[in-house]
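Have a look at the sequence and the 3D view first, and then we'll go through a few spots together.

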Amino acid sequence: MKKKTIADVDVHRKRVLVRVDFNVPFEEGTARISDDTRIRAVLPTIRHLIANQARTILCSHLGRPQGQVVEKMRLAPVARRLGEILGSPVFYVQDCVGPTVEKAAIELQPGEVLLLENLRFHPEEEANDTSFAKTLSSLADIYVNDAFGTAHRAHASTVGVANYLPAVAGYLIERELAMLGTTLESPARPFAAVLGGAKVSDKIAVLENLLKRVDVLVIGGGMATTFLKARGFEVGRSLLAEDKIAFASALMKYVEERRLSLYLPQDLVVASSFKGDAPYRVVDADEIPPDHYIMDIGPKTLSLYENVLKGCRTILWNGTMGVFEWKPFASGTRGIAQLLANLPNATTVVGGGSTAEAVDSLGLAQRMTHVSTGGGASLEFLEGKTLPGVAVLMDKT
Ligand code: ADP
Ligand code: MG
């Protein structure tokens, strides 16, 4: 069911409470924001509200203050940065509930923007406390959720408030649902999933959901180890999920019965210890030395994967191909990212926090059809789960 968005409601002169994800990173030990992507991601929603003379009341969490006021987790620097970007002042209050906040909300004029303090300074936020949600909602006439990265959490500001206000999606959530939803429900075929990451156990639900939908499955990263083991290869000291070997075997059997295509690494970069500066070499999958660790897919595998993916019209990628944080083991991840970035006629969708980070750090995010802003939320969506922060929004009629 499609959800109503801010374009479907009249916000003119209304007080609009918008849950955003301003959980931005800072330069170590300073109040300088090191990456404002999350602020920029909700600009379409904020600009729509300003243009329509709404009174915009933004709320967000930042970090994990665990229900207490933590000075360095205040949102003041975010209010300043947002003001610079918008070219107009953003009012800021040092709490998210209470008399000061109520006064600021009442005094807010059409077209003005107010940012409330970190929601998680109050333990009631994560507990989805009813009266806290009611107090928050009393500030506004309409609720907009545009915090896709927090939509998998049932908190007061993502779920509770929707009990008291008409609730609609912002443009960021609308785009995320459209892109990820279309990929799962009606992809142009052939449809390939490229899956990697550290542990197969983190990705079982994703694998199970995607298996019903894809034509091609390409596997890399630490989770390839368990599949290689299930195929009968020795995997040395690599991260292996012993208890998931049976799952991997069953999956491979399913793939065979359905005549789907499954690709596993043919060669690997292995290292003699699990360290960034460890000596390493490339070996075939049947030659992994007993005392070595799989760190990345090898060059033969990368060109095999490139050939396979070139023939696909939709490619969904989650999980890096290797330990990309360490330069010697970033080639597989870089290779896949560059390939997807350069495919002219394919829809390329990237989900997962670490994978998005890898694509970003390569400067290739703009070249993908869509890079999800919601790490954990995008994974839960790919698992086929209903996100609680989306479920509470009004359906389109
Ligand atoms: P996402 O957050 O996008 O869902 P993951 O967190 O599952 O992705 O995958 C990224 C992590 O997987 C990285 O931290 C990377 O170091 C790790 N990883 C990839 N390949 C391996 C490997 N062969 N052994 C151990 N860890 C790996
Ligand atoms: Mg991760």
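Which polar backbone atom is 3.1 Å from a nitrogen atom of ligand 1? It belongs to isoleucine 294. Keep in mind that this is a predicted model.

Here is that pair next to two others like it:

| Ligand 1 atom | Polar backbone atom of | Distance |
|---|---|---|
| nitrogen | isoleucine 294 | 3.1 Å |
| nitrogen | glycine 222 | 3.2 Å |
| oxygen | serine 354 | 2.9 Å |

How much of ligand 1 does the protein cover? On its own, ligand 1 has 580 Å² of accessible area, and the protein covers 86% of that.

Ligand 1 is surrounded by 20 residues, and the closest are Ala198, Lys203, Glu325, Ser354 and Thr355. Helix H13, which runs over residues 353-361, gives the largest share of this shell, with 3 residues.

On to the nonpolar cores. The largest one has 72 residues, and Leu116, Leu207, Leu217, Ile219 and Phe227 have the most contacts inside it. Where does this core sit? It lies between domain 1 (6-172) and domain 2 (179-382), because both domains give residues to it. There is also a second, separate core, made of 29 residues, with Ile46, Leu75, Val78 and Leu115 among them.

If you skip its neighbours within four places in sequence, leucine 207 is in contact with Leu195, Val200, Leu217, Ile219, Met223, Phe227, Phe247 and Leu251.

Definitions and conventions: Residues are numbered from 1 along each chain as its sequence is written. Chains are lettered from A and ligands numbered from 1 in the order in which they are written. This is a predicted model: local features need pLDDT of at least 70, side-chain atom pairs count only at pLDDT 80 or more; totals for chains, interfaces and linings use all residues. Side-chain values use heavy atoms; hydrogens and water are left out. A nonpolar core is a set of buried Ala, Val, Leu, Ile, Met, Phe, Trp, Tyr and Cys residues joined through side-chain atoms within 4.5 Å. Buried means under 20% relative accessible area, exposed over 50%, partly exposed in between (1.4 Å probe, protein chains only). Domain bounds come from an automatic or database domain assignment. Contact means heavy atoms within 4.5 Å. A residue is near a molecule or strand if one of its heavy atoms lies within 4 Å of it. A polar contact is a pair of N or O atoms within 3.5 Å; within protein, one must be able to donate a hydrogen and the other to accept it, and residues adjacent in sequence count only if both atoms are side-chain atoms. Accessible areas come from the Shrake-Rupley method with a 1.4 Å probe; for residues, only the protein chains shown count as cover. Helices (H or I, at least four residues) and strands (E, at least two) are DSSP runs, numbered from the N terminus.
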